Amino acid sequence: MILNEKINLLYKMRFLENEGDNIELFENILNKLSLVGTNDIIPDLCTIFEDEVSEPSVDDYLIETIFYIAKRNDLGEGLYKLALGIPKMLPHAEFWAERIHRTLLNSKDLVASYGKVLDKLESSNKQAIKEILLLINDDDPDLFSEEIHSLLEKLS
C-alpha cells in the first residue's frame, strides 16, 4: 500500500466506528508510516485528527508518529510541515492542535526548532498558531509563559 493510500485509510478509520476498524490496524499503519514517511506527509497526517474520536489513544499515537517522522528526517523541516498542517485541524480538532503545541512547549529542543520556522509561515498560518498559543496561555499563564512569549514574538 502506497503512502497516500495508507493516509486515506487512516482518515476513513479515524472514528473507529466501522466493524472492520480497529486500533491495532490503525497503529500498524502509523508504525509503517513512521518508518518510511517523509516530512511531506505531516500536513496530511494533521487532517486525520478529530476531537470527537471514539478512542483518544489513536490520536496520541498519531502525535508520536508526527514527531518521530520529523526527528527521523529533518526536524526543522518537519516542524515547518507541522505548522502548515495546523490550520487543517481547525476547528474540528482544536483540542489536538492544542495538545500538539503543549507537547512542543514541553521540549526545549522542539520549541527552539519550532520557533526558527515560524517566520516562514503565511499570516493565516501564523494567526492560527498564535490563537492556539494564547488559549494555552489563558488556560495556565504560568506554565509555559516564557516559551509562549518567545513563540509569539516569532509570529509577530
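## Helices α7 and α9

Let's start with a helix pair: the axes of helix α7 (residues 108-117) and α9 approach within 9 Å and cross at roughly 15°. Axes here are lines fitted to C-alpha atoms, for helices over the stretch in contact, with angles from 0 to 180 degrees between N-to-C directions. Helices themselves are DSSP runs (H or I, at least four residues), numbered from the N terminus. The angle makes α7 roughly parallel to α9, since angles under 35 degrees count as roughly parallel, over 145 as roughly antiparallel, 65 to 115 as roughly perpendicular and the rest as oblique.

This is a predicted model, in which local features need pLDDT of at least 70 and side-chain atom pairs count only at pLDDT 80 or more, while totals for chains, interfaces and linings use all residues. Residues are numbered from 1 along each chain as its sequence is written, and side-chain values use heavy atoms, with hydrogens and water left out.

The α7–α9 crossing is left-handed, a term for a near helix turned anticlockwise from the far one by less than a right angle (right-handed if clockwise). On the α7 side, Lys 108, Val 111, Tyr 114 and Gly 115 meet Glu 147, Leu 151 and Lys 154 of α9, where contact means heavy atoms within 4.5 Å. These residues divide into 3 nonpolar, 1 polar and 3 charged; Ala, Val, Leu, Ile, Met, Phe, Trp, Tyr, Cys and Pro count as nonpolar, Asp, Glu, Lys and Arg as charged, and the others, Gly among them, as polar.

## Helices α8 and α9

Helix α9 (residues 145-155) also pairs with helix α8 (residues 123-139): their axes come within 10 Å and cross at roughly 160°. The two are therefore roughly antiparallel to each other, and their crossing is left-handed. From α8, the contact draws on Lys 126, Ile 129, Lys 130, Leu 133, Leu 134, Ile 136 and Asn 137, and from α9 on Ser 145, Ile 148, Leu 151, Leu 152 and Leu 155. Sorted by class, that contact has 8 nonpolar, 2 polar and 2 charged residues.

In the loop between α8 and α9 you will find Asp 142. With 68% relative accessibility, Asp 142 counts as exposed (buried means under 20% relative accessible area, exposed over 50%, partly exposed in between; 1.4 Å probe, protein chains only).

## Helices α4 and α6

The axes of α4 and α6 come within 11 Å, crossing at roughly 45°, which makes α4 oblique to α6. This crossing is right-handed. Here Pro 56, Asp 59, Asp 60, Ile 63 and Phe 67 of α4 meet Trp 96, Arg 99, Ile 100, Thr 103 and Leu 104 of α6.

Pro 91 sits in the loop between α5 (75-85) and α6 (94-105). A cis peptide bond links Leu 90 to Pro 91, with omega about 5°.

## The nonpolar core

The largest nonpolar core has 46 residues, and Leu 45, Phe 49, Leu 82, Met 89, Ile 100, Tyr 114 and Ile 129 touch the most other members. Such a core is a set of buried Ala, Val, Leu, Ile, Met, Phe, Trp, Tyr and Cys residues joined through side-chain atoms within 4.5 Å. Helix α4 (residues 56-72) gives the most to this core, with 7 residues.

Leu 45, in helix α3 (residues 42-46), is buried at a relative accessible area of 0%. Setting aside neighbours within four places in sequence, Leu 45 contacts Ile 7, Leu 10, Leu 33, Leu 62, Ile 66 and Ile 69.
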